[in-house]
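Please look over the chain shown below before reading on. The report takes up helix packing, the annotated spans and a pocket in turn.

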Amino acid sequence: MKIFDRKTQSKLISAEVLAPVVVGVVALLLWDILVRVTNLPPYILPGPLLVFQTLITDWNELFSSLLITLQITVAAFIAAVVSGLLIAILFTQSKWIEKSLFPYTVILQTTPIVAIAPLIILWFKNNTFAALVVCAWIVAFFPIVSNTTLGLNSVDRNLLNLFQLYKASRWQTLWYLRLPSAMPYFLGGLKISGGLALIGAVVAEFVAGTGGAKSGIAYRILISSYNLQIPRMFAALLLTTGLGVLIFVSLSYLSDFILSKWHESAVKHEN
């Protein structure tokens, strides 16, 4: 038990945790000093204390909107993971399929979501939630496809020749060789896609501009900016940023948990 406590304490005071905390505290202090010295009004730049007070005061309304955005993000992320993985597997089964379809995935990624979101929302006019999920899916889809395709194609050629020597079927090679080899690439794509799904959801909400009880956090940001409720806008931004960090940290822990037993990128080496 004492060993566990020592390890826990060492992790808490390690540079990986301590350094960003120190930087964050210094940034908040500088922000507060800037507001106090220059006497900036709250509608231009509120102080951090006022932002936190607003966050506590309006917590119920802001948090309920954040949950709506989280639902859109999770739905789009799951759709991106499933579709991206299946399409990447399809690409590795035939070079002709990959060469024929991969450029269109690039086109889908490089098309500005702000430009096509109104059209998607028009198509799904009876289901705004589905339209927002599709917009977020478009943004989150490409990292899964590109990373997983790269991982499936980066298999060790010596092992591939060994599987061919033992006459392994295409699906046996995929299941026992290609997918394990592609796992670090796939998990890396997850960490990118998770944040992009949130960005896509927020951008789609901005374009849709849907209000009411089922409005997301982006609508709260818009309304706050229109009414010059800048502390409230900063509080909503703080929640959105916190959600993005939480998504990234969760997916990073998932990646470390899966890879820590066998892959060099996550195995802990003792000095």
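How are H7 and H9 oriented to each other, roughly parallel or roughly antiparallel?

## Basis of the model

This is a predicted model, in which local features need pLDDT of at least 70 and side-chain atom pairs count only at pLDDT 80 or more, while totals for chains, interfaces and linings use all residues. Residues are numbered from 1 along each chain as its sequence is written, and side-chain values use heavy atoms, with hydrogens and water left out.

## Helix packing

Helix H7 (residues 128–153) and helix H9 (residues 170–208) have axes that come within 6 Å and cross at roughly 160°; H7 and H9 are therefore roughly antiparallel to each other. In the contact of H7 with H9, the residues divide into 21 nonpolar, nine polar and two charged.

The axes of helix H6 (residues 113–123) and H7 come within 9 Å, crossing at roughly 150°, and so H6 and H7 are also roughly antiparallel to each other. Here helices are DSSP runs (H or I, at least four residues), numbered from the N terminus; axes are lines fitted to C-alpha atoms over the stretch in contact, with angles from 0 to 180 degrees between N-to-C directions, and angles over 145 degrees count as roughly antiparallel.

## Annotated spans

An unreviewed UniProt entry carries the annotation "transmembrane region" for residues 12–31, 62–89, 101–123, 129–152, 196–222 and 234–254; such annotations may be inferred rather than shown by experiment. In the model, residues 62–89 are 100% helix and 0% strand, with end C-alpha atoms 40 Å apart, and residues 129–152 are likewise 100% helix and 0% strand, with end C-alpha atoms 33 Å apart.

## The second largest pocket

About 190 Å³ of space lies in the second largest pocket, a pocket being, on a 1 Å grid over the protein atoms alone, an open set of points where a 1.4 Å probe fits, with protein on both sides within 12 Å along at least five of seven lines. Its lining residues, which have an atom within 4 Å of a point, include Trp 31, Phe 52 and Phe 234.

Helix H2 (15–38), helix H3 (48–57) and helix H11 (230–259) each supply at least two residues of this lining, and the largest share, six residues, comes from H11. By class, the lining has nine nonpolar, two polar and no charged residues, where Ala, Val, Leu, Ile, Met, Phe, Trp, Tyr, Cys and Pro count as nonpolar, Asp, Glu, Lys and Arg as charged, and the others, Gly among them, as polar.

Terms used. Grid points are joined across faces, edges and corners, and a volume is the space filled by probe spheres set on the points. Angles under 35 degrees count as roughly parallel, over 145 as roughly antiparallel, 65 to 115 as roughly perpendicular and the rest as oblique.
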